[in-house]
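Trainee: I am new to this structure. Can you show me how to read it?
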Amino acid sequence: MIQRANVEQMKSSELLRLARVLKLPILDRKIARESLVDKIMVEIEARNKREFIEMKLNSPAIKIENLIKRFGKKVAVWGLNLKVNPGEIVGLVGPNGAGKTTTLRILTGIIKPTSGSVEVDGYDMLDNPIPAKSAIGYIPEKPTCYPSLTVREYVTFMARIYEVPNEIALVRMRQFVDMFQLDEYLDSYIGTLSKGNLQRALLVGIFVRDPPYVLALDEPIYGLDPRGAWNLKAYLRQLRDEGSAILISTHILEVASDLCDRFVIMNEGSVVGRGTLEELLASQKEARSLEEVFLSLTGGIPE
Amino acid sequence: MKPSTFRIIRNEIQMLYNQFKQAITIPSMLLFYGVTLIGVFFVSLVVSSLLSFAPIISQLGTLLETTIDRGMFFGAFAILSASSVITGYFGLGPAAIITSEDENLLLPAPVKPYQIFLGRYTRRIVRKMAFTILGILAIFPLLLSANILFFSIIFILFCMIIFFETNYFLGAMSSYIRLYVGQRYKSPLRYIVVILIGLVMLIPAIPSFTSTFTVAYVFPSNAFALVITEMTGVFALDVPFLLGAGLQLMMYIICLLLTASITGYDYYEVFSASKGSEEIEGRFSKVIRGNIDFSNSRFNDPTVWIMLKDFWSRLRSPFQIWKYIYAVVGMIFVLYLNLFHPVWFRPLVVPPDLAFAVVPAFVLMLILLVQMSSLTSMLSFVDEKDNVYLLKASPFKSKDIVLAKFLLSFMEVGIAAIPACGFLIYIMRVEGYLALITLAAPLVILFTATGVAVGAYVPVMTNDPKTLPVPLAFSYPIINLSLGTAMVLVVAVFADSLLVLIALPVYVLGLTLFFLASAVRALNSYK
């Protein structure tokens, strides 16, 4: 839903574009910014009254049952069961090669499981991939994007793919471009961006849709500077509170313990521990932090 | 068509347009595009002034009709379709169009696989058309000299593109058959299917199907052959050539739609599997290579060490070993041809009317063959991928790195060029070939140096060092063709004087040093 504060953030040229998208009759040669914002908000509120439907995710938003994935003879994931409910951030942690990225790739429908089922927002990823994929947002481990598109073109493209109405896409693009300090790169080609800025562009591409979201984030803090990381963490908490379901795969235990409500610890394709931080600490008597729980479950705490 | 297919196509066209915009606004890109176009124009101008093509073209029909029969002519096109089907069977099919960017953006998005395919395919065809138009403009002098009607050549090229694109779809469908059969049967006997579908492509070319206008002409190879025969009058049936073009177009559309409809989620898996195995060492090369570990080398010289690293790491790639096998088998074969002159493979008999064109054709072929062999040198830096920055940051001098790349590439280009040159000597036994073939060595030296320089410039022009920019890739053969033509000109001018012994080395070594110095300069300017 579009808020007045978000519209006020927009630049004058963007406001005019928004007015055109909303088909507002502007007959004056000059118009005061405040008056234009008023007109836009009147139109948006009228539309909201007519068209607004409160979106809610099904519970559980992510449901993985008996997931097995083999690559030839190698077992990447073995018997994984996982649920993420709306209003929850779950951390998928584990050492390199534990099967976290494979799990997220199956969850997002990039690859198929060898056996088991994956549901996103109540839709089975194999039987009903389009509604399941419409519900999920994915940030890959290694951020990549079309180098010949500008950031603005990319975000607009993502909005079109996910069928976000133009007016919402325009307002939300400005909101998140400001949040992730991407304004100066908005018309730069993605191929020229640094890794951190590319990660921010991908995040804007996801958040251009209306919440609530089902998010599968693989190392989302990767490449972000402290301010960007702080903004993202704060926004993820806000999303959780508003009813989004978030699954984060990360190596950075500091981020995981700071952000996640529950943890699933994987090692060599299998789940070796799960629960809240308190539950995990209770299960591992010698551990005093998530880091020590992790080490104790994945090979022992070094002397 | 669902609206999102249009959106994806629009995005692909936008990316193409942006690439074009970038190319014309970045001076170095514009320079290389300019070099390519002007180079092709120049080479075609030189070639057309050296030879008058009109007599060759006018006699080509008679030559074709006396040398081969109608069945062979149709068979040649059928073999092209059959080879597309066979290579397609073992290829990735529609998964080949998926990129790493798609994997992260479109594969998890609510987009159907056929939509991604159609979007990417539209881009491919628009791009191909643009390059074809530019190519035609660049070879305009050649077309003019050959007295070929401009629109006829455009039409033939259009039909050729349709034919190759239809073959591409046939290959994609063949890969689907493999996928389908592989999911149901595990016996190695399932590969018999590839022989069967190969035969299906060949059977319609049998003379009993093509001697009159039959239903067999719906096959793309026959339809394309019909267009050529009816347009040129060679082996003509007196059927309107537009009928052939219509059949080609119909089959193209059917094959396009069939390929789109078989492009399913299974291909995401195929792409993912191919991505995982692209770096894996070929089984055969592992057997040949054995347990050699180049890190145990006793050499401490940076140049030698980089050469060893490149040699062994390239040998671990699945196809590199086949290059060496080709070199050995090819050398033995051309030795056999030149020593024993087998009756089953006779050299080309050139009609007396065309004798004047044989020596220039020999030299042109020599330049082209060396050029084709020298492509490896262009990849010497590109194959490093992102490691090129590690190499640059390593405690080696830039000139040692460039020298190492040049020397190893020289060895590789040399072994690839020897069988090709031996074959050329045999097939076009022209007078004075022994003197002419000595030009191969300077050409190899020069083309290797240009290849190394062009490869070294990739990270200067783009921040994706593993992808060769289009203008660089296209300008490389053009630069070489121009340098090769100029070298032949130098030799021709000084041929009657001893000065040739000075002029040729000065030309070759001077330019080689210039290109190697350019490579060092490029390496020093990486961001």
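Predicted model: local features only at pLDDT ≥ 70, side-chain atom pairs only at ≥ 80, totals over all residues.

Trainee: Let us start with chain B. How many helices and strands does the secondary structure of chain B have?

Mentor: Chain B has 25 helices and zero strands.

Trainee: What does the C-alpha trace of chain B span along its principal axes?

Mentor: The spans are about 65 × 65 × 50 Å.

Trainee: Which share of contacts in chain B joins residues at least 24 apart?

Mentor: Take the contacts between residues at least 6 apart in sequence. Of these, 82% join residues at least 24 apart in chain B.

Trainee: Now the two chains. How many residues of chain A are in contact with chain B?

Mentor: The size of an interface is often given as the accessible area lost when the parts come together. Here we count residues instead. 27 residues of chain A are in contact with 25 residues of chain B. On the chain A side, α5 (129-135), β6 (136-139) and α6 (151-161) each supply at least two residues. By class, that side has 16 nonpolar, seven polar and four charged residues.

Trainee: How do I read a pair of packed helices?

Mentor: Two packed helices are described by the angle between their axes and the distance between the axes. In chain A, helix α2 (residues 12-21) and helix α7 (residues 166-179) pack at about 165°, with axes 9 Å apart. An angle over 145 degrees counts as roughly antiparallel, so α2(A) is roughly antiparallel to α7(A). Their crossing is left-handed.

Trainee: Which residues make that contact?

Mentor: α2(A) brings Glu14(A), Arg17(A), Leu18(A) and Val21(A). From α7(A) come Asn166(A), Glu167(A), Leu170(A), Val171(A) and Arg174(A). The contact divides into four nonpolar, one polar and four charged residues.

Trainee: And in chain B, at what angle do α4 and α11 cross?

Mentor: Helix α4 (residues 70-90) and helix α11 (residues 220-232) of chain B cross at roughly 140°, and their axes come within 8 Å. That angle makes α4(B) oblique to α11(B). The crossing is right-handed.

Trainee: Which classes of residue does the contact of α4(B) with α11(B) have?

Mentor: It has eight nonpolar, three polar and no charged residues. Among them are Phe73(B), Phe74(B) and Phe77(B) in α4(B), and Pro220(B) and Phe224(B) in α11(B).

Terms used
Residues numbered from 1 in each chain as written. Chains lettered and ligands numbered in written order. Helix = DSSP H or I, 4+ residues; strand = E, 2+ residues; numbered from the N terminus. Contact = placed C-beta atoms within 7 Å. Axes fitted to C-alpha atoms, helices over the stretch in contact; angles between N-to-C directions. Parallel < 35°, antiparallel > 145°, perpendicular 65-115°, else oblique. Left-handed = near helix turned anticlockwise from the far one by under 90°. Nonpolar A, V, L, I, M, F, W, Y, C, P; charged D, E, K, R; others polar.
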